[in-house]
Amino acid sequence: MLETVSVRHLGQHIGNEVAVNGWLHAKRSSGKIVFLQIRDGTGFVQAVMVRSEVSAETFAEASALTQESSLRITGIVKADDRAHSGVEMQATTLMVVQATHDYPITPKEHGVDFLMDHRHLWIRAPRQRSILKIRAEIIRAVRAFLDAREFTQVDPPILTPSACEGTTNLFHTQYFEEDAYLTQSGQLYMEAAAMAFGRVYSFGPTFRAEKSKTRRHLIEFWMIEPEMAFTTHEESVQIQEELIAHVIAHVLRHCEQELRTVGRDTEKLARIATPFPRISYDEAVAILQRNGHEITWGDDFGAPHETEIAALYEQPVFVERYPTALKAFYMKPDPDRPEVVLCADLLAPEGYGEIIGGSQRIDDADLLFARFEEHQLPADAYSWYLDLRKYGSVPHSGFGLGLERTVAWICGLEHVRETIPFPRLLYRLYP
RNA sequence: UCCUCGAUAGCUCAGCGGUAGAGCAUCCGGCUGUUAACCGGAGGGUCGUAGGUUCGAAUCCUACUCGGGGAGCCA
């Protein structure tokens, strides 16, 4: 039996006869010659079958082959300038594993609704495969970066007894006799973990029951949430920009083929370099006012505001020190200006919006308790969290990186729904 | 929740008051270098649902359903 080779590695087998297991992506035939575009998950290769060189049965089978039929094909690997990848197979034998009939996604344009209904098949398409491959490499790069800096991965719960931040709507469910909610952030648990491990990060899904219907929103999305003990806001921001720069460099180095398939202008990514520009909330408001926006100090930014600020820079830009009243209860006030908190949002270039939100956390027990009262949060439900400030509280900081928005930015996509294998969108739970 | 756009063949769309159309896909035939191949032929439709206007509605009006984009909220 011939050696089975991944399409990705065919170039190392020039001149040899090998087998490829895969699916028929497309076919073109011309009477006495058939061109079979075959994919195996690692790549795409063209097999050329000439009638005079194979048995009549094999040629007939190849001629009748339909899109997405599963197959095993053997052939001699040849270097050929006419092939996109530079390599093609001169087919010798063909075994059809299953003949497919009426594959829904044809090599033609399709609408979003149709494609989303067929997402389980759509992910076979070259473009979708490339996006999800880049997603996987981004995750790999984030982990490598954090692991190299002695972060420990700690997994927070997904089912939680109450809101972490109390700002957005949560998915409600039953936990036997109790009420439970799907997590919107693992952060408070990561603060506990940081006091146990020093530097930690979580990577998992989060859920927001908001009726958001835009290109930047998913109902279920994945976040990386690092949390660091004995770390100031300033140190956290430096880690954030190093992390993003590392991820960009990793993807540029390892996903050249995939970035080309999705049509990304890599020049813009190649220019990303630390340190990233920073502006204060105060400066951002002044800029917006100068540009004719009706915004006053103390107002929160809307999406158009963020887009306008981000458009001023080629790099991701940090917006620091928002008004205390706008932000979550746990953020530490600036000691010099208690009306603002030690926080920063990182806005991606090209209109992709906020990809990181981070802050230094309140480490003072009395102040945190006062915040609970101001925000009318149930102190009993959070007594474990308040414990963290009673038993060896330290200055600590952390942030949350939104994976899908990061993938959308790096891939240059129109919509985050393509950045996750099976997106959960408003009113869309299938497949 | 609000604003806005849309729903016609398996898919993408045209038709916008007078007998339902095209390209692709499918099936049949042709073609030895195709890259969304090409050429010839065939089959394929309660025009989202319900009501209304009209001699006549895919086309105009109303409601509803489903979907796209956006706001708010956020990563």
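Predicted model: local features only at pLDDT ≥ 70, side-chain atom pairs only at ≥ 80, totals over all residues.
Local features were considered at pLDDT of at least 70 and side-chain atom pairs at pLDDT 80 or more, whereas totals for chains, interfaces and linings use all residues. Residues are numbered from 1 along each chain as its sequence is written, chains are lettered from A and ligands numbered from 1 in the order in which they are written, and side-chain values use heavy atoms, with hydrogens and water left out. Helices (H or I, at least four residues) and strands (E, at least two) are DSSP runs, numbered from the N terminus.

Strands S1, S2, S3, S5 and S4 form a closed barrel in the order S1-S2-S3-S5-S4, with mixed pairing; two strands pair if DSSP finds at least two bridges between them. On average, and with direction ignored, neighbouring strands of this sheet are turned by 55° against each other. Axes are lines fitted to C-alpha atoms, for helices over the stretch in contact, and angles run from 0 to 180 degrees between N-to-C directions. Helix H1 (residues 56–63) lies across S1, S2, strand S3 (44–50) and strand S5 (87–98), and runs at about 85° to S5. In the loop between H1 and strand S4 (70–79) is Glu68, a residue with a positive phi of about 70° although it is not a glycine.

A second sheet is open and comprises eight strands in the order S6-S10-S11-S18-S17-S16-S13-S12, again with mixed pairing. Strand S6 (152–153) and strand S12 (278–280) stand at its edges with a single partner strand each, so one side of each has no neighbour in the sheet. Strand S13 (residues 317–320) and strand S16 (residues 343–348) are antiparallel and joined by four bridges, with Val317 opposite Leu347 of S16. Two helices lie across strands of this sheet. Helix H6 (residues 233–254) lies across strand S10 (199–207), strand S11 (220–229), S12, S13, S16, strand S17 (353–360) and strand S18 (396–402), at about 30° to S18. Helix H10 (residues 303–310) lies across S12, S13, S16 and S17, at about 75° to S16. Pro333 is opposite Val341 of S15.

Helix H4 packs against both H13 and H6. Helix H4 (residues 126–148) and helix H13 (residues 403–411) meet at an angle of about 120°, with their axes 10 Å apart, and are therefore oblique to each other. Angles under 35 degrees count as roughly parallel, over 145 as roughly antiparallel, 65 to 115 as roughly perpendicular and the rest as oblique. The crossing of H4 and H13 is right-handed, a crossing being left-handed if the near helix is turned anticlockwise from the far one by less than a right angle, and right-handed if clockwise. The contact (heavy atoms within 4.5 Å) is made by Ile131, Ile134, Arg135, Ile138 and Ile139 of H4 with Leu403, Glu404, Val407, Ile410 and Cys411 of H13. These residues divide into eight nonpolar, no polar and two charged, where Ala, Val, Leu, Ile, Met, Phe, Trp, Tyr, Cys and Pro count as nonpolar, Asp, Glu, Lys and Arg as charged, and the others, Gly among them, as polar.

For H4 and H6, the angle is about 135° and the axes are 9 Å apart; these helices are therefore also oblique, and H4 passes H6 in a right-handed crossing. Residues of the contact include Ile134, Ile138 and Phe145 of H4 and Ile239, Leu243 and Val247 of H6. By class, the contact has 10 nonpolar, three polar and three charged residues.

The axes of H9 and H10 come within 11 Å and cross at roughly 95°, which makes H9 roughly perpendicular to H10. Here Ala284, Ile287 and Leu288 of H9 meet His305, Glu308 and Ile309 of H10.

Two cis peptide bonds may be noted, from Thr274 to Pro275 with omega near -5° and from Tyr430 to Pro431 with omega near -5°. Pro275 lies in the loop between helix H8 (266–270) and S12, and Pro431 in the segment after H13.
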